[in-house]
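Here is a short briefing on one protein model. Look over the sequence and the structure first, then read the points below.

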Amino acid sequence: MSERVYIFDTTLRDGEQSPGATMTPQEKVRMARQLETLGVDIIEAGFPAASDGDFESVRMIAAAVKNVQVAALCRALTTDIDRGFAAIKDAAHPRIHTFLATSELHMKHKLGKSPREVMDMARAAVSHAASLTTNVEFSAEDASRSEPEFLAAMCELAIEAGATTVNIPDTVGYAQPAEFAELIRFLLGRVKNSAKAVFAVHCHNDLGLGAANTLAALAAGARQAEVTLSGIGERAGNASLEQVVMALRTRPTYYNLETSVDSEQIYPSCRLLSRIIGMPIPPYQAIIGRNAFAHESGIHQHGMLKDRRTYEIMTPQSIGRAGTEMVLGKHSGRHALKSKVEQLNYRLTDEQIDLVFAAVKELADRKKQIYDDDVESLILENVFRIPDKYRLKYLTVLAGNIEMSPSANVLMEIDGKEAKVSSFGVGPVDAAFEAISKLTGKKPELESYLVNAITGGADAQGEVTVRIREGEKTSVGRGSHDDIIVASALAYINALNRMAKKEEERECAAL
Ligand code: KIV
Ligand code: ZN
């Protein structure tokens, strides 16, 4: 009989802390629903005390999902814990996750506290959390660089005070697999009440060992893995969910451990995340990258044709990469769209379905077959788009390979008022961006510009992702259209809208 490992997904908290990965509350709710479908056990929804926006997102997620625990991260302070619990109290299965650093370095230089004071703080925080819910997790931040005997004493007191999960984070990605496994074995043996709690691990990827350290710890007896989709997270990221889950699944006799994750939902989940945060999945990324199941060399292809197992240790189907899909077209009705939307796991109101239906019809006039990715893209554009300060009304460009400067004519609506301008540029995209900058009075630095074909064929929709910067502030925007110049303009305007929205929130918070 294999033992169960709990999957704690922190894409929406640690993942969102990764530069440029900010999501709107609606996008977080969409991601949370997908994580529920994926079958994770716990979703860490955010850090409610960090801002009103974070509080609201956590509250919305707690209300939206039912078959998964929802955790709120809180510092070891009564005020944080009260605020965190207020955000999740209506969840079907709430969890308070409180943390405090235990390494000499962090206690002395970050907290300015003695080990005794840290122990008292942790005891008080966990007891307070346990007075609110029976589901409490305590994390010993920077555990892998903490003095092991002190760490064991901290785990023991946290369990005594009511923690049902104790987490041993490798906060700075410093640990090595064998050493980290040894630490877990030591703690399980040394902490007297260890049987009363689940031991968790949370490994960062600074040396590229996040998944390796997590797996080593699970083999040593930890039973909760804290992971993120595609490994996004602070600095170099966190252990990736797909790598940990698929290693356990592909090597069942080695680990003898199982999870409740539906592996066929892995690729759709990572793909959705990539769409939302506007960061493409790198081609060489393990499991989910475009090349992960591509076979180029003749010898490999020959082997694959004889027996796939020669060069493939798992199938693309097992992570949900090659399913058959029902495509929509010009003649598909509202009913077909509604069931497609449900199948894609969105819960839209009738008015939202109407919006998407109109967009599907418009696209179907120009494109024969509408795939799942097209529909998803139209939903993200039409429903999850934040209320716009800037809107594109029309765009025409003149460009070609004869001697002339490419130009763009742009008509926009800015705070409800129409304005029009023409501009020149190095190419048609540059000309369009120049025109938008003139109209909005915003000239951010364009940090990145990426074009992707959403689906195959010459009539594929182009999906453009841009990242812009104004001083310290960055923003990611996404746009899709079957004309890539229009998709580019939409992405640029979307990034400007997101930046304007963030500024508005900052101003409100300062009032
Ligand atoms: O990396 C870390 O230590 C954390 C804790 C808050 C669990 O993210
Ligand atoms: Zn972390």
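A donor, as the word is used here, is an N, O or S atom within 2.8 Å of the metal. By that rule, the donors of the zinc ion (ligand 2) follow the spacing D-x187-H-x1-H along the chain. The model is predicted.

**Zinc site**

- Three residues supply the protein donors of the zinc ion (ligand 2): Asp 14 through OD, His 202 through NE2 and His 204 through NE2.
- These donors lie 2.0 to 2.1 Å from the zinc ion.
- Water is not among the atoms, so the site may look incomplete.
- His 202 has 6% relative accessibility; buried means under 20%, so His 202 counts as buried.
- His 204 is also buried, because its relative accessibility is 4% and the cut-off is 20%.

**Ligand 1**

- Which residues are around ligand 1? They are Arg 13, Asp 14, His 97, Phe 99, Ser 139, Glu 141, Asn 167, Pro 169, Thr 171, His 202 and His 204.
- Asp 14 places a polar side-chain atom 3.1 Å from an oxygen atom of ligand 1.
- His 202 likewise has a polar side-chain atom 3.1 Å from an oxygen atom of ligand 1.
- For Thr 171, an N or O atom in the side chain is 2.7 Å from an oxygen atom of the ligand.
- Taken alone, ligand 1 exposes 260 Å², and the protein buries 93% of that.
- Strand S5 (94–101), strand S6 (136–141) and strand S7 (165–170) each give two or more residues to the shell around ligand 1.

**Salt bridges**

- Side chains of opposite charge can pair when their charged atoms come close.
- A search of the whole structure finds 31 salt bridges.
- Glu 16 and Lys 28 form one, with N to O at 3.3 Å. This pair links distant parts of the chain, 12 residues apart. Glu 16 sits in the loop between strand S2 (6–9) and helix H1 (25–38), while Lys 28 is in helix H1. Both Glu 16 and Lys 28 are buried.
- Arg 145 and Asp 142 meet in a salt bridge at 3.0 Å, N to O.
- Arg 334 forms a salt bridge with Asp 354, and the closest N and O atoms are 2.9 Å apart. The pair links distant parts of the chain, 20 residues apart: Arg 334 is in helix H13 (residues 334–343) and Asp 354 is in helix H14 (residues 350–364). Arg 334 is partly exposed at 30% relative accessibility. Asp 354 is partly exposed at 39%.
- A network of salt bridges links Arg 13, Asp 14 and Glu 44.

**Surface patch**

- Leu 398, Ile 402 and Met 404 make a nonpolar surface patch of about 290 Å².
- Leu 398 belongs to strand S11 (residues 390–398).

Key. Residues are numbered from 1 along each chain as its sequence is written. Chains are lettered from A and ligands numbered from 1 in the order in which they are written. This is a predicted model: local features need pLDDT of at least 70, side-chain atom pairs count only at pLDDT 80 or more; totals for chains, interfaces and linings use all residues. Side-chain values use heavy atoms; hydrogens and water are left out. Patches are made of residues with over 30% relative accessible area and no salt bridge: like charges are joined within 9 Å, nonpolar side chains (Val, Leu, Ile, Met, Phe, Trp, Tyr) within 5 Å. Accessible areas come from the Shrake-Rupley method with a 1.4 Å probe; for residues, only the protein chains shown count as cover. A salt bridge is a side-chain nitrogen of Lys or Arg within 4 Å of a carboxyl oxygen of Asp or Glu. Helices (H or I, at least four residues) and strands (E, at least two) are DSSP runs, numbered from the N terminus. Donors are N, O and S atoms within 2.8 Å of the metal (3.2 Å for Na, K and Ca); water is not among the atoms, so sites may look incomplete. Buried means under 20% relative accessible area, exposed over 50%, partly exposed in between (1.4 Å probe, protein chains only). A residue is near a molecule or strand if one of its heavy atoms lies within 4 Å of it. A polar contact is a pair of N or O atoms within 3.5 Å; within protein, one must be able to donate a hydrogen and the other to accept it, and residues adjacent in sequence count only if both atoms are side-chain atoms.
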